[in-house]
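Subject: Structure handover and notes

Hello,

Here is the structure I said I would pass on. Please open it alongside this email while you read.

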Amino acid sequence: MIGNFVTTRFNYILGWARKYSLFHYPFITACCGMEYMSTAASHFDWDRFGTGWTRFSPRQSDMLVVCGTISHKLAPVLRTVYDQMTEPKWVMAFGTCAVSGGIYDNYAVVQGSDRIIPVDVYIPGCPPRPETVLDGLIKLQEKIQKQEQEWRWKKRK
Amino acid sequence: MTTRIQKEASKESLLLNMGPSHPAMHGTIRIMLELDGERILNSEVEVGYLHRGFEKICENRTYFNLLPYTDRMNYVSPLINNLGYVMTVEKMLGIEAPERAQYIRVIMSELSRISDHLTCLAAMAMECGAFTVFLYNVKAREYIWDVIEETTGARMTTSYIRIGGVRADLHPGYKAVLKKAIVETRKVLKDIRGLLDKNIIYLNRTRDIAIVSPETAISYGWTGPCLRSTGVYYDVRKASPYAVYDQLDFEVPLGERGDNFDRYMVRMKEMDQSLRIIEQAMEKMPRPSPSKLMVEALEPAEAIKASRTKRVEKEIKLSPNLEGSERGKYLDILGTDKKYVVPPKEDTYTSIEGIINHFKFFMRGHGIRPPKGEAYFSVEGGNGELGYYIVSDGTDRPYRLHLRAPCFHIVSALEEMIKGHYIADIIPTFGSTNMIGGELDR
Amino acid sequence: MEKKKVIEELKQKFSEKIKGVPVQLGDEILLIERDSLLDIVQFLKDKPYSYSMLLDLTCVDYKGQEPRFEMVYHLYSIPNVQRLRIKVSLSEKDLRIDSLASLWKNANWLEREVFDMFGVDFKGHPDLKRIFMYDGFEGYPLRKDYPLRKRQPRIQLRK
């Protein structure tokens, strides 16, 4: 009984810690990168919401921001970057192209980054305004808080 | 898959891969390097990671529908891309926009040019370690985007410049916002020059690195700030003036050596000139003609009320969604030829003639149909000569549309530029070329 | 030097190689034979014509017509401030043309692009291979008979 109680509390506190320190890897390819810059820089500053560190190594980051169009040529690269990230990891699809391929329904473009990797939060917009991005980020944080956390010495049934 | 460099490399040298997912490679370019210690012996640049099939998809869209795709070509200066496309189609149709629209186009494209250069220098400086410059530049860019947003309704991808003019008149309070943006941008430019011009770290990484001679630059088809940094005087705005550039007074800054620092310096000076152009255009712009229609129009609620007793004779005021796009303003900003201008929303909603006009404009097989033939037209984009080559077969969609992307020519010289330098020199060199994926790979 | 004069002198020098000089929307178009491309372009590149910049190079696919393909070259002369468009027709059966890579450095990448998108073979090109598409991609996407949505993924996609 006591063990159960401790487990849920620990689950909560771990979620709280994880949602406010989202080190992210920006996988920037296209137009959305401009709005990513605006969101990350001082005007809108998503550091306020606990997304401070931009890590340019997938091994150190918790959140992959897929920012822009993913072409078929780039698809294996995105898959590799995702595979290199360590657990726990979350993926944000930033912009319509990453969500569904957007206006580029043709031979060269993958119709959404969820055809390659699992995506946690979808942010529509071509490109999304920084306010939309912040909204999507808060949604992701709620999801992280509510989900079942994993840790190394966790007892599995 | 063996690349050229793998075949050519000698056994003693080290091969290193850089990109495409590398912070300085902007996600869309890959450089394979052959190294001797830290010195680059040889390199191979691979592009195409952002090939989105722009030219193919444009062949399947009508002349009006493909406008949003042009926004996303050079996404740092979308309005210039709009302008280039629109002016090519106008050349094929043989029409010209009203004068006020021409001035608005000039203001918008200069604002885009500033935002392009600011972004380029922000990325270049940040990758050299000067993070403050990045934050300052993005701050200035926000002020410029505020002006664009007030008028066009969007921050980046605006689709604002339309065939025959522009979508909407300038926002009533634009002057105050624009003046504020100019003041703030000047302040930021001064700050950046203070931070970088005599900064020894920045100078060491940019001065005399990747020198390009005028002959090499011309041989690579360079245009824009990169060509001018080598000392060649070529600017499309001066060589073949479009819009109202011939009525405005501005200088074309030139560099001397053609190294990274000159490319930075030319961009800085060009932004000063762009601000000058905007100020002049603001002064010279013809005033809007007083719109009689808007004064007499009724609010929809009033019109419904009045229609209960008798037939309503007056116009009904309907929101056309974007301020300044009412019918009364069409004369100043968009022309009135029904063949190539979207009918005003008030007409579409209220009269049978207007709805037929609207239907004919958007119906498949109708709409804008330039005569059979081909045209090439170029404008001065953020990176240089931005040319559109359109072949029309007389139908409502282009038979072939080709974009002359200035960035493509500049990046094709990268292999030669970095040869013999250190790995660390790739970063400022690549930054100074202002590689924009959408334009490079199309 | 005026463009008319350039074309006059060109006509005198390469009389049988020039098929015509139609004018469209105020731009002269030089239609030339395929085998004389290098000579004419070299002639234009030298002084006093000084068309020293290769602005653009592309191809158009006129499917159903013979010859099917048409190469389009745009040259620019900085001292004379003028552009010149040169066109060469190519038949589908013999899709080859001389490379300009020996004259202009940017022709290298531009020709690779045309090879990638249309499958035109350039004689004398140093390293002719795909530039935008990847190895293993079949067909030439900008040809009119390539479907708009025919995708050839490199990796197994989910769902």
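Below are my notes, taken topic by topic.

**Confidence**

Please keep in mind that this is a predicted model. Chain B has a mean pLDDT of 86, with 97% of its residues at 70 or more. Within chain B, the element with the lowest mean pLDDT is helix H13 (residues 292-296), at 56. At the other end is S7(B), which has the highest mean, 91.

**The sheet S6-S7-S8 in chain B**

Strands S6, S7 and S8 of chain B make an open, antiparallel sheet of three strands, in that order. The edges are taken by S6 (373-380) and S8 (400-404) of chain B; each has a single partner strand, so one side of each has no neighbour in the sheet. On average, neighbouring strands here are turned by 10 degrees against each other, direction ignored.

S6(B) and S7(B) (residues 385-392) run antiparallel and are joined by eight bridges. If you want a place to look, B:Phe377 is opposite B:Tyr388 of S7(B). Helix H4 of chain B (residues 78-93) packs on this sheet and touches both S6 and S7 of chain B. The direction of H4(B) makes about 145 degrees with that of S6(B).

**H4 against H5 in chain B**

H4(B) also meets helix H5 of chain B (residues 99-127): their axes come within 7 Å and cross at roughly 135 degrees. The two helices are therefore oblique to each other. On the H4(B) side the contact consists of B:Pro78, B:Leu79, B:Ile80 and B:Leu83. These meet B:Arg105, B:Met108, B:Ser109, B:Ser112 and B:Arg113 of H5(B). Sorted by class, this helix contact has five nonpolar, two polar and two charged residues.

**B:Ile104**

Is B:Ile104 buried or exposed? This residue is found in helix H5 of chain B. B:Ile104 has 28 C-beta neighbours inside 10 Å and therefore counts as buried. Leaving out residues up to four places away in sequence, B:Ile104 touches B:Val166, B:Leu170 and B:Ile333.

Another open sheet of chain B has three strands in the order S1-S2-S3, with antiparallel pairing. Its edge strands are S1 (14-18) and S3 (39-46) of chain B, each of which pairs on one side only. From one strand to the next, the twist averages 20 degrees.

Five bridges hold the antiparallel pair of S1(B) and S2(B) (residues 30-36). In this pair, B:Met18 has B:Ile31 of S2(B) as its bridge partner.

**Chain C against chain B**

Now the contacts between chains. Where chain C meets chain B, 28 residues come from chain C and 34 residues from chain B. On the chain C side, strand S4 (53-61), strand S5 (69-77) and helix H3 (107-118) each supply at least two residues. S4(C) gives the most, with six residues. The side of chain C that touches chain B is made up of 16 nonpolar, six polar and six charged residues.

S4(C) is mostly covered, with eight of its nine residues buried. S4(C) runs antiparallel to S5(C), and eight bridges join the two. One position to check is C:Thr58, which stands opposite C:Val72 in S5(C).

**Chain A against chain B**

How many residues does the contact take from chain A and from chain B? Chain A gives 28 residues and chain B gives 30 residues. The elements giving two or more residues to the chain A side are strand S1 (24-28), helix H2 (32-40) and helix H3 (75-84) of chain A. H2(A) gives the most to this side, with four residues. By class, the residues of chain A that touch chain B divide into 18 nonpolar, seven polar and three charged.

Regards

Notes
Residues are numbered from 1 along each chain as its sequence is written. Chains are lettered from A and ligands numbered from 1 in the order in which they are written. This is a predicted model: local features need pLDDT of at least 70, side-chain atom pairs count only at pLDDT 80 or more; totals for chains, interfaces and linings use all residues. Two strands pair if DSSP finds at least two bridges between them. Axes are lines fitted to C-alpha atoms, for helices over the stretch in contact, and angles run from 0 to 180 degrees between N-to-C directions. Two residues are in contact if their C-beta atoms, placed from the backbone, lie within 7 Å. Ala, Val, Leu, Ile, Met, Phe, Trp, Tyr, Cys and Pro count as nonpolar, Asp, Glu, Lys and Arg as charged, and the others, Gly among them, as polar. Angles under 35 degrees count as roughly parallel, over 145 as roughly antiparallel, 65 to 115 as roughly perpendicular and the rest as oblique. pLDDT is the predictor's confidence in each residue, from 0 to 100. A residue is buried if 20 or more other C-beta atoms lie within 10 Å of its own, exposed if 12 or fewer, and partly exposed in between; C-beta atoms are placed from the backbone.
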